[in-house]
Amino acid sequence: MKTLIALLAGAKFGKILLTSGTMLLSVVTYSFVYGWRYAAGFVGLIFCHEMGHFAAARQRGLDVGAPTFIPFVGAWIQLKDQPMDVETEAYVAMAGPVVGTFAAMACYYAADSVQSPLLLALAYAGLMLNLFNLIPLSPLDGGRITSIISPKTWWIGAPLIVALFIWNHSPMLLLLAVLAVPHLLSTVRHGGSVMPSRYYEVPECTRWSYAVYYLLLAGFLGVMTYETHRTVGV
């Protein structure tokens with residue numbers, strides 16, 4: 001029994017070490033480009049976003065791993081139990097941008113209160129990060145949220161990623177496009193339903209509710225990102 005407890009304690013410590021270690025690595029890496037204060041704040045905003053997913057998954061009874069960070073890529077949580085229905089998938093996906101938006105807005109109001117350019121820059125980064133994640137294309141959060149409407153909505157997100165890549169030439173966007181291809185092709189092969197039909201069986205009111213929540217959040221982030229961009233002057 002003592003051995004079992006020690007192993008379990010070691011496993012939990014390992015998860016904490018993995019998260020904290022990869023967070024520290026990200027802060028150090030970003031600090032070479034942006035400075036350590038901005039790097040720490042930016043990684044903290046990503047952490048808030050991921051913990052939104054983590055808390056929502058645990059709330060729905062899913063076994064989930066702690067966040068893992070990769071510099072200039074982002075972070076993710078490992079869902080060891082996959083959602084059994086599209087509503088659970090959308091719920092867990094929505095929680096990240098919601099919590100992330102609250103964290104970004106906290107920076108925004110704190111920046112206004114203490115007149116901090118650093119906090120304002122972090123607010124802009126956080127708002128942009130969460131807005132980007134709402135692009136309706138799997139594996140982004142937006143793709144997982146809009147799957148409750150229909151996986152066919154991912155074809156709206158595909159040209160957005162292409163346009164962003166043409167404008168920005170970011171390798172991350174290219175990687176995302178490559179990862180999205182199998183998801184897009186699956187909507188063609190299976191007539192728009194990636195999972196079995198029962199996976200998408202939710203009340204129509206629930207489907208419309210998520211559509212409204214998604215549009216309101218995307219609209220709010222769009223407006224606030226634009227306003228913060230004007231204030232920062234980047």
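Analyst: Contact means heavy atoms within 4.5 Å. The model is a predicted one. By that criterion, S186 is in contact with W154 and V194, leaving aside its neighbours within four places in sequence. S186 itself lies in helix α7, residues 171–189.

User: Why is S186 called buried?

Analyst: Buried means under 20% relative accessible area. S186 has a relative accessible area of 7%, so S186 is buried.

User: What makes α3 and α4 roughly antiparallel to each other?

Analyst: The axes of helix α3 (residues 86–114) and helix α4 (residues 117–133) cross at roughly 160° and come within 8 Å. Angles over 145 degrees count as roughly antiparallel, and α3 and α4 are therefore roughly antiparallel. Their crossing is left-handed.

User: Which residues meet there, and how do they divide into nonpolar, polar and charged?

Analyst: Among them are G96, G100, A104 and Y108 in α3, which meet residues of α4 including L119, A123, G126 and N130.

User: Which residues of the largest nonpolar core touch the most other members?

Analyst: V86, M94, L127, L134, I145 and I148 do, out of 18 residues in that core. Helix α3 gives the most to this core, with six residues. M94 touches I145, Y210, Y213, Y214 and L217, not counting residues up to four places away in sequence. Another core, of 15 residues, lies apart from this one and includes V27, Y30, F42 and A123.

How values were computed
Residues are numbered from 1 along each chain as its sequence is written. This is a predicted model: local features need pLDDT of at least 70, side-chain atom pairs count only at pLDDT 80 or more; totals for chains, interfaces and linings use all residues. Side-chain values use heavy atoms; hydrogens and water are left out. Helices (H or I, at least four residues) and strands (E, at least two) are DSSP runs, numbered from the N terminus. Buried means under 20% relative accessible area, exposed over 50%, partly exposed in between (1.4 Å probe, protein chains only). Axes are lines fitted to C-alpha atoms, for helices over the stretch in contact, and angles run from 0 to 180 degrees between N-to-C directions. Angles under 35 degrees count as roughly parallel, over 145 as roughly antiparallel, 65 to 115 as roughly perpendicular and the rest as oblique. A crossing is left-handed if the near helix is turned anticlockwise from the far one by less than a right angle, and right-handed if clockwise. A nonpolar core is a set of buried Ala, Val, Leu, Ile, Met, Phe, Trp, Tyr and Cys residues joined through side-chain atoms within 4.5 Å.
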